[in-house]
Amino acid sequence: MTNLDTDIVDFLDLINFTLSDEFAEKWKFRFSIKFIKEFQGKIIKSLKDRKPIKLESITKHLSKKCGYSIDQVKNFFEAIDISIYYPLILGKSLA
């Protein structure tokens, strides 16, 4: 397998894990199951629409539409290392 093939398989494994119950179980005590399900829903919508998500868009969704604090969203993105979701999630980190 080439490096590109390996990268694609690793990325697909990451997405599969992110959408799993195991991912929700891992983070639910720190961020709540509803928060995790909202994040997973945005990932599913992105895949269904075949369009990447802008980091600003998912931040706005979680903070303004769902009512979570910006600090909680930032903490979540840091905890899961949101940068590894590139090219599905595009944008600069929330510093």
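Reply: Leu12 and Asn16 are exposed, on the other side of H1 from its buried residues, Leu14, Ile15 and Thr18. Buried means under 20% relative accessible area, exposed means over 50%, and partly exposed is in between, with a 1.4 Å probe and protein chains only. An α-helix has 3.6 residues a turn, so residues three or four places apart point the same way.

This is a predicted model, in which local features need pLDDT of at least 70 and side-chain atom pairs count only at pLDDT 80 or more, while totals for chains, interfaces and linings use all residues. Residues are numbered from 1 along each chain as its sequence is written, and side-chain values use heavy atoms, with hydrogens and water left out.

Helices (H or I, at least four residues) and strands (E, at least two) are DSSP runs, numbered from the N terminus. H1 covers residues 3–18, and its 16 residues should span 22 Å at 1.5 Å a residue; the end C-alpha atoms are 22 Å apart, which agrees. The expected span is 1.5 Å times one less than the number of residues.

The buried residues of H1 pack against helix H2 (21–31) and helix H3 (33–49); contact means heavy atoms within 4.5 Å. Phenylalanine 17, also in H1, counts as partly exposed because its relative accessibility is 29%. Leaving out residues up to four places away in sequence, phenylalanine 17 touches Glu22, Phe23 and Lys26.

From H2, the packing leads on to H5. Their axes are 12 Å apart and form an angle of about 145 degrees; axes are lines fitted to C-alpha atoms, for helices over the stretch in contact, and angles run from 0 to 180 degrees between N-to-C directions. H2 passes H5 in a right-handed crossing. A crossing is left-handed if the near helix is turned anticlockwise from the far one by less than a right angle, and right-handed if clockwise. Phe23, Trp27, Arg30 and Phe31 of H2 meet Gln72, Asn75, Phe76, Ala79 and Ile80 of H5.

From H3, the packing leads on to H4, again with a right-handed crossing. Here the axes lie 11 Å apart at an angle of about 145 degrees. The residues that meet are Phe35, Glu38, Phe39 and Lys42 in H3 and Ser57, Ile58, His61 and Leu62 in H4.

Of its 24 residues, Phe39, Phe76, Phe77 and Ile89 touch the most other members. H1, H2, H3, H4 and H5 are the elements that give two or more residues to this core. A nonpolar core is a set of buried Ala, Val, Leu, Ile, Met, Phe, Trp, Tyr and Cys residues joined through side-chain atoms within 4.5 Å. Phenylalanine 76 touches Phe23, Phe31, Phe35, Ile36 and Phe39, not counting residues up to four places away in sequence.
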